[in-house]
Every structure is written in C-alpha cells, then in structure tokens.
Amino acid sequence: MTHLIQLHSFDGGIHPAENKQQSTRKPVQIAPLPAELVLPLGQHIGAPADPCVSVGERVLKGQKIAEPHGFVSVALHAPTSGEIIAIEKRAIPHASGLQDLCMVIRPDGEERWIEHQSLLTELTVDDLTDIEPAKVVERIRDCGIAGMGGAGFPTSVKLTVKRDEQGSTPIDTLILNGAECEPYITADDMLMRERADEVLRGAQVLLYLLNAERCMIGIEDNKPEAIAALNEAAKSLNEEHHIDVVTIPTKYPSGGEKQLIQILTGKEVPSGGIPAQLGIVCQNVGTAAAIYRAVYHGEPLISRIATITGDATREPGNWEVLLGTPVSHLLQLAGYQPQQQPRVIMGGPMMGFALPHTELPVVKTTNCLLAPSEQEMPVNQMAMACIRCGMCTEACPAQLLPQQLYWFSRAEEYDKAEQHHLFDCIECGACSYVCPSQIPLVQYYRHAKGAIREEKAAQAKSERAKERFERRQARHERELEEKEAKRKARAEAAAQSAAAKKAAGSDDAAPAAGNASAVSADAPTTSPQLEKLQKQLTATQTAIAKTKEKLAEAQQAVAAGDEAMQTKVDAFTAALEKSQTKMKDIARDMAAEKKALKAQAAAPAGNAEGGPDKGDPNSPDRLKRKWETAQARLDTALKRLAEAKAEGLDTVETLQSGIDKQQARVDEAKAAYEAALQAEQDGSSAPDAAATEQAPAAADSAAEADSLKKKVLAQQDRLAKATERLNMAQQQGLDTVEALAKGVDKQQQKLDELQQQLASLTETAAASTAKTTEDGTV
Amino acid sequence: MTTVIIAVSVLAILALIFGAVLGFAAVRFKVEGNPIVDQINDLLPQTQCGQCGHPGCKPYAEAIAAGDKINKCPPGGESTIQALADLLGVEAEPLDAEHGAEAAGPKVAVIREDECIGCTKCIQACPVDAIIGAAKQMHTVIADECTGCDLCVEPCPVDCIDMVAIQPNTSSWYWQTPKSAVELIATDRQPANSDRSSSQDDDDPGDNSTDDDSNDNSGKGQAA
C-alpha cells in the first residue's frame, strides 16, 4: 500500500461465522467435462441473447453461439467444442424454479478452441493505449462479460462513459470489489491468490477505459494470502502508484457495492442513483480477470471459479467450472452426500437461494454452491411474532427501518413501504439474520418489491390500453364524419346534376350560363360592351322593322293575288329571319351582360331594387320564359300540323285541337307576363323618378314597351285569325292550306320577334333601374 | 352613525374586491373537464371490456361520477372497488355478480392461427387495436397490448380464439409472501405440518392438544 487511505464505515452490519477455511485448503481445480452443457440465454441482467447457431451445428470452444440483443445485453459462447443438440426451454437456476430458453451442447471431448488472439495483435499495436476505448468495450461485450459478483450486470454498459474532447471522463476512481463478505464463499479469494496478475492487468484495462486516476481494491482482512499476492503482483507490474490494495475490516455486507464505496471513500451513493454519479465505477475482481483474458487473449467468458462447500460435501474446494455444467456433476466432484432433507443453495447462505433440484446449470453469476448439513444450517423454524426489539434496524447497512417495512409489506401497504425507501434495500439478509423471532424479513421485502413492480407494469399497460382505446374511438368518429361528408357530397352532386338536366331540358332559349359567366369574368369592361351591344340591337331592330313593313306589303300583295310578289316575300322572309337571329344573339349577349352588371350592382346595394327575383315564381323573367316555352311548343305543334296536312294524315284534327289548347296556354302565359311586367314597371318607377338622369331613358323604354306590347297583342290576334283560316281551309280541304300554313308560320315568327323585343326592352328597363340604384348608393 | 357607515362601506368595498378576485380566479384557473372522472378512470383497469354495461372504462368512470354503482367492474375486482370507495368516500360493496365474476388472473387472447379464416371480425371487436391482420389473411394478437377483455372471442365464426392465463416468466415472477404467518399465541401453532422442518416435530407436545377452534382460526389466518 503506497497511499494512506482513510477508511470509513457503514452503519449496521453483522459478523456471521465465516466458514471460509474449508474451501481454501486446496488450489483451484479444473472441473472435468460433463456429458451435457446447458446454457441459458439470459445469464445476465437485461435482454436475453439471440441464438446465432442452429440445432445440429458443430461449435468450437469459445465460438459465439448467441448475439447480444440490444444495449443492455451480452453475447454467449460455447464453453467447449461439441454439437448443439437443442435450443429449448429448460429449468434454469432462478429463485422461481421456472424454465427458460437454453442452448444445450453435447461436448465432443476434444476441447478444440476457435481461433482467438489478443486485441493488440489483432489491431497490430504495441500498447493498449493505442486502441480506441470504444473498441475495447466492444471486445468486452462480444466476449460476453457480465458482472461476476452476483448480479450479472453487463460490464460493457458500466464501461460506456461519456468523454469530452480531451478524452477525460467524469469517473475518477475505480474500485475493485474483492471483499467477498459472505460466509463460505472463497471463489474471489482463490482467484486473487492464484491469478493476482490477471486481476491487476484487468484493472489496468479498466483504468484506461474509464480514464480514472486511481484504483482501489477492497479486500476484507480475513484474506491475508490474497492481499499479499496482489501486493506482490502490483510491485512486479510497477503499478503500486496507481493501484492500491486496501485491507478493510471484516463485516457483512462490506462487499455490497454501496457499502464498499462508503468504506473506501466515505461517500454515499444517493437513493435510486448509481456510483457513476459520484465518479466511481465498481467492478468485481473476477470481472477484471475476465476482462484481461478477453482483451489480451481473446478468450470469451466460458468458465468461472465456483466454490463448492458445506458440511454435506466431503471435499469442499474451488473449481474452475465451464458455464452450463450441471450442479449435480460438481457436487459429485466435491463428494456430496445427500442428507435426509437435501438442500443445495446457489450463492451464499445470506443472499443465495435454495435450488429445487440439482439438474441445473452453472451460470456466469454462480460463485458458490452450498450444500449444508441439517445441523449446520437448520431449516427456518416457524416465525414468531415481531417483538419490536429493533435489532433489525441496528443491523441494516442501508439505514432503513426493516420493522416498518415488514409491517407495510405484510399489510400490503406498498405505497407506505415505498415512502420508507423499500427500493434502497439491498436484500443482504442482515435483518433476518439478527431477528430473534426468525421472521423471514427479506422475503417480505422481495415480495413487496415484486408486487410494486408488477403493479407499476400493470399501470403502464393500462395507460397504454387507455391511449389505444381513445385513439381508436377518435379514429372511428373521424371515419363516421368522413362517411357522412362523402354521403352529403354525393347527394349534392346528384341534386346538381338533376337540376342541370332539368334546366337543359326545359330552357333552351334561356341564356347559356357559360356565356354569362364568360362575360361577367371581364366585368370592369362590360359597360362599353353593353353600349355597343345596345347600338347593334337598335340597328337590327330598325332593320327588322323596315323589313317587316316591306314584307307586310308584299304579303298583302300576295294575298290580293299578285303571284309575282311571292318571290319578294320569300326574300324578305329570309332577310327577316337572318336579322332576327342576329338580334336574338345580341339580345342574349346583352342579357348576360346585364346580369353581370346587376350582380355587381346588387352586391353593394344590398338588394337590387326592382330587379326581377329569380326565386319568385311570379317574376316577369319566369313568366316570360314560361310564355316563350309555350310559344315554342305552339310553333312545333303548328309545324307538325303542316307536315300532317302535307301528307294528308288523319292526325290533323287532334293536332289542331292541341294547337288550340297550346294557343290558349300561350295567351295565358303572355297575359301573366304582361301583368307581372306592369307591376314591375310600377315598382321601378319610383326609383326611376328619383334618378333624374336615368328617368327619361326609363320613361322612353317604358313607352316603347307599351307600344311593343300592343303590337304583340295585335300580332297575336292576327295569328289567331290566320290559324282559324287555316283550320277552315283544312276542314274544307282547300288547296290554300299550304299557303295559309306558311302564313301562320310567318305570323308566328313575327309574334316571336315582337316578344323578343319586348323581353329585351324589359331587361333594359330593369338594368337601368339597377343602375339608378347603384348610382344612388355610390 | 358615521362609524357605522364607514364600517359598512369598508366591508362592502372589501366584499367587492374579494368578489372580483374570486371571479377572476374562477375564470383564469377554470378546470377543464371533470377531474373526478379522470381520477376514477385512472383507477379502472382499462381493459375496455364493457362488462359493466358501458362502452369502455371512461364511460363507466363518467357514470360513476354521475352516481352509478362502483361494483360493476369484474376485471378490477375487489381491489378496484376498494380504491374507488376510498376515492369517493362511499361504502365498498361486493362485486355485482350480474356483470361477471372476478377473473383468477390476467389473461391474453391467443388465435389458433391455422384455423383463422381471416374474417376481420375480431379486429373490429378489439377495443385496443391489439389484433393485426387483413381480410382473408391470418390474424394474430399482439400479446403485450391485449387487455384480456374477451370481446374478440364472441364474434369469431370459427371459434379459434382462446383466452389463456398469462404464466409468469423469469422477468415477471417475484417472491411470494412467506407462508408461515405469524401466530398470535404459541397455542395457535398447528401440529405436525409437512411443510415445516423436522425441528418442528420436537415441539412441546402440549401444542398439539389445543382446542379445535384455535386451529380453525390459524387455518384462516394462513389462507389469508
């Protein structure tokens, strides 16, 4: 020891009979090969390894047979050469006595090693410090090294520390645990005695990996040979300045990680924390030796030293045991003599657990197999009532209140037990050992811990179930909403298409919607366009009027009997028709234009005063359309009649009566339209008067409309007369039928024309009214 | 007279100030939703099995908050009823048998996959989406997400879903509480018991001659 180290102590602790001398009389022996090796896949804390060989495959000694699964996991290797005969569930050495997945190897007895070499040779470097720490850690993980003190925590996880740019870590102290405080166990003792240099060279590797400044090896003072051996080795390795072999007083449980740290440094690991928070990493001496073998020889963890002791064995001692060797095989080596009530404990007498049978394998954490006689370790007598003596509290090394924890655990008041730091209990068994009532206190704590963990797991699961349920509900609601929306959209589309069909069927003469929208698209320029259209319209109208006059004259002449005039009449009619279609087009354009304008005007004005309401069935627009439709039908009926007559069909009479009816309908529609128009005019006259500028124009258009209406009425009379005449001619079978029919057609056309004019006029009036309103508001 | 007026007006002003503060607090720190419903919902086991007659645990929590009985949850069992009684300050009642018996332990649905015809009925029935599969494809249960609610068993047309009790494994197993319960008086000890060690047999024979009543009591104590 080169440094003077101030030793501390921890509270509590006990001094049970050591019983170590039985197993230290002989050096470590090599256990012979058993008939079968059983290797559980989960020999460490964390996720079980994944098998990477299949049944029937031949494996070599040291060959990897299972890969680590995730970060907190280590690999597994074949302890000897042989054949994988099964990967199946087998009983494992666990307090539960349950089965778990194991790989079963039948050794071939040849012990052929797989090719393996030092990490230094592999990377062709001379010194360990030339290798990146991460690579060394990877090697340790690949060699399947897990804590060999008893817990089996993957060593690589403990060695993965954060480094800054300079490569320094928050770790300053490495502690190697060679205390081995539990009675009977001497595996670490024998290891340190016989392989002290391996332990120290493992410590060197660890110091490099952690970038720690110093290393302390804590050993209880009941192992003087081990202490001497380590000091010797430290001298020969020139490591006395870095590595201190510290002798600590014998007290159970000084080998507990937290207790050893407290003894050596005086620091306490915080509740629920880890030693790394204090800048300390603690490793078992056996782990250090295994790290040395992995790094400098490339040998994975395939064997360990285990103590086989107890009064039921004739030759207790330590054996180097291949992992997976059955307990029964080892007990035979030690001369085990089954007792009346046979009992074999894996681990020490304080923290170990009784095995249900001996056909169980040795695993990485098996440091001792204890086969006590009945006198040596009587089975727990019946527990008596707690007398509240408080001895457990004095013995507890974790400064807990074992009595309180016992009451809470028994009453299943787990929340209170947790408040009393149940999870800081290291389950050392000191309280049970000192209990005069022989209450199995630790078992209560273990049960309570398990129950709390289970409850927490159940709570987490139910939380997840709740979330999944709520998400599912939300999804269902969304789906329903989407379905509803789709249904509505479909219904709307159907209604629209039906309406479009209806409109297309009944309303040929109505202005095309596309046209209207096209015009309204360039709304700002509509006013000049409208004026132009107006001019065109008036020009066409005058032309039509002239042509009509001429036509009338010609017709009169024809009627008087002048046959020569007929050609003129035809020519006039054609011209008339042409100009009429032109006018129709213009009127349509204008109507569209006006609509757009009206829409513009209606928006700011709020309501288009006097503007014909489309929704109102009695609006002039509607009525006019009705009238027009009726008129169109009448036209077609007349045409058909003419055809029938020309062919001399019998249907003439029925057609005639149909025409009469149609005529009546036309009259009716016209009358209704006129009435509505009149009403509208009256309504719009008020704003017209208010708008002084527009008033004359409006008055003009009103007068024009009146005259047009009169004309229409006259024309209608004429048509009626012509039809009458036609009827008579038909009845009498006269030759003039054809001519008369033509005359009727013409009359009809005239009527149409007049009506068109009237319509356009009405619209103009409406537009001017709207304009007035707009002007008024602006 | 003035003192009276001053006192009254001071009190009135104070009342106004506190009223304003309280009114502001009521608006500013308004509690969204019903907190008692969430608390009840947290106590329910979230199996979403619907055995209580409500479509899930949350609706039952709402019903309890509105005055429904607390003993309608068989998956939760007596412990849930006790917890609800503690929370709501009402008397704990025994589980209403009308809604089913308390299950012996957690269960998980397992589909016999070679018999599955891929009808997706169980997928639609699962309240937590723990069954995966597609039409005419084999389905399977995500065991970790299954709440063991039993709702998928009924709709299966080929009866290929089993409810299997979850067996403990090495990671979920934990120590049982010690068997030998503490006896109140020495005479409560049972005579020869096969579980006990041979040293028990050396006990004073006077222990064996205890009356039957005390033996019965100890038996009950041990069972509990």
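Modeller: A polar contact is a pair of N or O atoms within 3.5 Å; within protein, one atom must be able to donate a hydrogen and the other to accept it, and residues adjacent in sequence count only if both atoms are side-chain atoms. By that rule, 15 residue pairs are in polar contact across the interface of chain B and chain A, both residues being at pLDDT 80 or more. The model is a predicted one, in which local features need pLDDT of at least 70, side-chain atom pairs count only at pLDDT 80 or more, and totals for chains, interfaces and linings use all residues. Residues are numbered from 1 along each chain as its sequence is written, chains are lettered from A and ligands numbered from 1 in the order in which they are written, and side-chain values use heavy atoms, with hydrogens and water left out.

Chain B gives 39 residues to the contact and chain A gives 34, where contact means heavy atoms within 4.5 Å. The two chains bury about 3400 Å² between them, 55% of it on carbon and sulfur atoms; buried area is the accessible area (1.4 Å probe) that two parts lose on being put together, summed over both.

The interface also holds 5 salt bridges, a salt bridge being a side-chain nitrogen of Lys or Arg within 4 Å of a carboxyl oxygen of Asp or Glu. Side chains of opposite charge can pair when their charged atoms come close. One salt bridge joins Lys466(A) to Asp42(B), with 2.9 Å between the closest N and O atoms. On the side of chain B that touches chain A, the elements giving two or more residues are helix H2 (35-43), helix H5 (121-125) and helix H6 (198-201) of chain B. Helices (H or I, at least four residues) and strands (E, at least two) are DSSP runs, numbered from the N terminus. H5(B) supplies the largest share of that side, 3 residues. By residue type, that side of chain B divides into 17 nonpolar, 14 polar and 8 charged. Here Ala, Val, Leu, Ile, Met, Phe, Trp, Tyr, Cys and Pro count as nonpolar, Asp, Glu, Lys and Arg as charged, and the others, Gly among them, as polar.

Over all chains, a search of the whole structure finds 33 salt bridges. Among them is the pair Asp142(A) and Lys64(A), whose closest N and O atoms are 3.1 Å apart. Asp142(A) lies in helix H2 (residues 133-142) of chain A and Lys64(A) in strand E5 (residues 64-67) of chain A, so this pair ties together parts that are 78 residues apart in sequence.

Strand E5 of chain A belongs to an open sheet of 3 strands, in the order E3-E5-E6 (chain A), with antiparallel pairing; two strands pair if DSSP finds at least two bridges between them. Strand E3 (50-51) and strand E6 (76-77) of chain A are the edge strands, each pairing on one side only. E5(A) and E6(A) run antiparallel and are joined by 2 bridges. Within E6(A), His77(A) is the bridge partner of Lys64(A).

Two backbone details of chain A remain. Tyr252(A) and Pro253(A) are joined by a cis peptide bond, with omega about 0 degrees. Pro253(A) sits in the loop between strand E11 (243-248) and helix H7 (257-265) of chain A. Glu180(A), a residue other than glycine, has a positive phi near 45 degrees.
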